[in-house]
Amino acid sequence: SYAYKARGDYYRRKGNNYYAFALNAYEKATYERKNYAECYYWMAWIFNKKKLYKQAMMEINAAIKYKDALYYKSLFIDMLYLKSEIFFKKSMNNEGKKVLQEIIDYLKRYRLRITDLTEPVYRNKFGRAYFLIGAFFRRSNLLNHRNVTNFIQAMRLGFRPDLCHYFLYEYYKSKDNMAVAAKHLESAKRVLRQNGKNINDLENEIRGLGWEKLWALR
């Protein structure tokens, strides 16, 4: 089963033209070892890339079912992220948001028990969930004083502070709180300068931020 899994990894890394070979190898691995959660995850990942969301959901549910067999326990969080992404791409946004909240709850409860999650990895995975929940409310025109704090939590964990500050700028500007809005805009500009960018670069990025690109942010 491991040899089939290794073959699947090889073809997956070669890109889109080799996904069929990867799927075939992963399927053989799960035939040999029914609880090979990582192979179900990568099959779901490939189906998601191919926009075959029904098949992707079936495989990610199988991966989650066998999560106790994972060697690297942090991969379970990636599974939840992928499941949430599939929900959003199927326009099942409320279900996707619930899975993001499950990620946050999971990390709060089990952080100290997940020994292979180093602090930088923990911060990125945790911050990303907060950011995506905030982005869900923003895209749904549902931002309010309470849920806008998701962007603040994401920033505290170091996840895309430039975008978080800008979204907070947008929110407070919409509420005519220009003093707070201006502070967040200046903070966004400061972060951008540190990375050799400017506000125009950020606004161009935001204009192209559909769900596909939102989920690719790191």
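Here are some questions and answers about the predicted model shown above.

Reader: What should I know about the numbering and the model before we start?
Author: Residues are numbered from 1 along each chain as its sequence is written, and side-chain values use heavy atoms, with hydrogens and water left out. This is a predicted model, where local features need pLDDT of at least 70, side-chain atom pairs count only at pLDDT 80 or more, and totals for chains, interfaces and linings use all residues.

Reader: Which residue forms a salt bridge with Arg160?
Author: A salt bridge here is a side-chain nitrogen of Lys or Arg within 4 Å of a carboxyl oxygen of Asp or Glu. Arg160 sits in the loop between H8 and H9, and its partner lies in helix H11 (residues 199-207), so the pair ties together parts that are 45 residues apart in sequence. Helices are DSSP runs (H or I, at least four residues), numbered from the N terminus. With the closest N and O atoms 2.9 Å apart, the partner is Glu205.

Reader: Is Arg160 buried or exposed?
Author: Buried means under 20% relative accessible area, exposed over 50%, and partly exposed in between (1.4 Å probe, protein chains only). Glu205, at 25%, is partly exposed. Arg160 has 15% relative accessibility, so that residue counts as buried.

Reader: Where is Asn141 found?
Author: Most residues other than glycine have a negative phi. Asn141 has a positive one, near 55°, and counts as exposed at 70% relative accessibility. Its place is the loop between H7 and helix H8 (149-156).

Reader: Where is Asp176?
Author: Asp176 also has a positive phi, about 60°, although it is not a glycine. At 65% relative accessibility, Asp176 counts as exposed. You'll find Asp176 in the loop between helix H9 (161-174) and helix H10 (178-194).

Reader: How many disulfides does the count come to?
Author: A disulfide is a pair of cysteine sulfur atoms within 2.5 Å. Cys39 is buried at 0% relative accessible area, and Cys164 is buried at 0% too. By the distance rule, the count is zero.

How values were computed. Helices (H or I, at least four residues) and strands (E, at least two) are DSSP runs, numbered from the N terminus.
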